[in-house]
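Hi,

Here is the structure I promised to pass on. My notes on it follow below.

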Amino acid sequence: MTDYAVSKNPANGEILARYPMQSLAELDSTLAASTAAFKQWRNTDMASRVKVLRQLAEQLRQREPELSRMITLEMGKPVAQARAEILKCANLSDWYAEHGPAMLEDQPTQVPDAWQRFKPVGTILAVMPWNFPFWQVLRGAVGMLLAGNTYVLKHAPNVMGCATLMAELFSATDLPKGAFASINIDNDGVSAAIKDPRIAAVAVTGSVRAGSAIAAQAGAALKKTVLELGGADPFIVLADADLDEAVKSAVTGRFQNTGQVCMAAKRFIVEAAIAEEFEARFSAAVQALTMGDPLDEKNYLGPMARFDLRDELHNQVERSLREGARLVLGGEKIAGEGNYYAPTILSDVTTEMTAFREELFGPVAAIAIARDAEHALAIANDSEFGLSATVWTGNSATADRLADQIETGAVFINGNGASDPRVTIGGVKKSGYGRELSHFGVHEFCNIQTVWKNRR
């Protein structure tokens, strides 16, 4: 067991802070406080819960410069994108404050004198990643808290500064003490928490390996899990697509957050008739992106969040090149103290190559060629992942047919992939199960209780 979680600035390698790992005794204290808070919070009226969400939104907006800067310092997100993340979280809180109560009202059934009621289940353990250090947490936590649950966050060790600030935000609201808690524990601590009867369920966003291990432990303890795991999302461009718009979308879809997004374009499947033109336009647009200090507003690309992940990405690129992929652009670590990787495009990628089979979690795009729409669909579905997909075509019927057949949790037609509280996100296959956002996400961690009156 390590003694500290280290927060390191990936732009220059500088250590920002060390956060002591917490003991099993401290975990016990956190769970005791969360359980006590649940007994109070579950009986709090809806108006009081809504007030907390409004207060949270206000805190996010007031402290946005400080919060955005912490994101940028800890994981390298360009500051303009970090600012957008914080404001998106504020809008999320306001949206649930406005629309969430209706999701939790009793619902009638087709049976007279019977209805469904949505009750909280208890304390939720959330194991969260670093790539959207506020959004990934709050997109689940806001709905869980609104439903009357309490929330214990085990954040990624490299963004513990963000976790600390998040706990401060909630402490400035009327949420009962302990109802939202951040704890810095290792894998043994996570295992102990899952086994503890005071944890009712577990939410995980992360890698397939982490999700599989946690789900196995939760299953053994008969506890529900919601998993949002990796993705190798297909981005299909057919010959009749608006190529100008498709290229713009491709650049954003692959290189936002320096390519470190689960639900993002990764496998570009382009119809042969336009493949050469798409590659040329895409390459030119990527070359025009500015990379550098993420605190500089003009830079679209920053460093990768962790040095080990850059090494892993470079290894994937090199393996793909040995397997026959063609290097169009980039393909190298950028020298210096920072953790920068050149924006990279691989072409002539086939279904057996590393760049196609594995998730590329960084600024690397892989282009595969399809004969036609049916071949593009077959290539898209030839993956163990199923998080989201994008389809660009000028034919509405073709778009609808492909969307119906693509094996993913979301399909975006002629537009960028996105997450929005009004619609769900989540995956199939090894991208996980369960849903977040909208009413489906709120209900994932509810006891959907049937009440049947005067049954004879």
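First, is C89 buried or exposed? C89 is buried, at a relative accessible area of 0%; buried means under 20%, exposed over 50% and partly exposed in between, with a 1.4 Å probe and protein chains only.

Before the rest, a word on the basis: this is a predicted model, where local features need pLDDT of at least 70 and side-chain atom pairs count only at pLDDT 80 or more, while totals for chains, interfaces and linings use all residues. Residues are numbered from 1 along each chain as its sequence is written, and side-chain values use heavy atoms, with hydrogens and water left out.

Back to the cysteines. I searched the whole structure for disulfides (a pair of cysteine sulfur atoms within 2.5 Å) and got 0. For C89, the closest cysteine sulfur is that of C162, 10 Å away and so too far for a bond. C446 is buried too, at 10%.

Now the cavities: there are 2 of 30 Å³ or more. A cavity here is a set of points on a 1 Å grid over the protein atoms alone where a 1.4 Å probe fits but cannot get out, and lining residues have an atom within 4 Å of a point. Grid points are joined across faces, edges and corners, and the volume is the space filled by probe spheres set on them. The largest cavity holds about 90 Å³. It has 14 lining residues, and G140, M144, R435, E436 and G441 are the closest to its centre. Helix α5 (135-146) gives the most to that lining, 4 residues (helices are DSSP runs of H or I, at least four residues, numbered from the N terminus).

Cheers

Technical notes. On a 1 Å grid over the protein atoms alone, a cavity is a set of points where a 1.4 Å probe fits but cannot get out, and a pocket is an open set with protein on both sides within 12 Å along at least five of seven lines; lining residues have an atom within 4 Å of a point. Helices (H or I, at least four residues) and strands (E, at least two) are DSSP runs, numbered from the N terminus.
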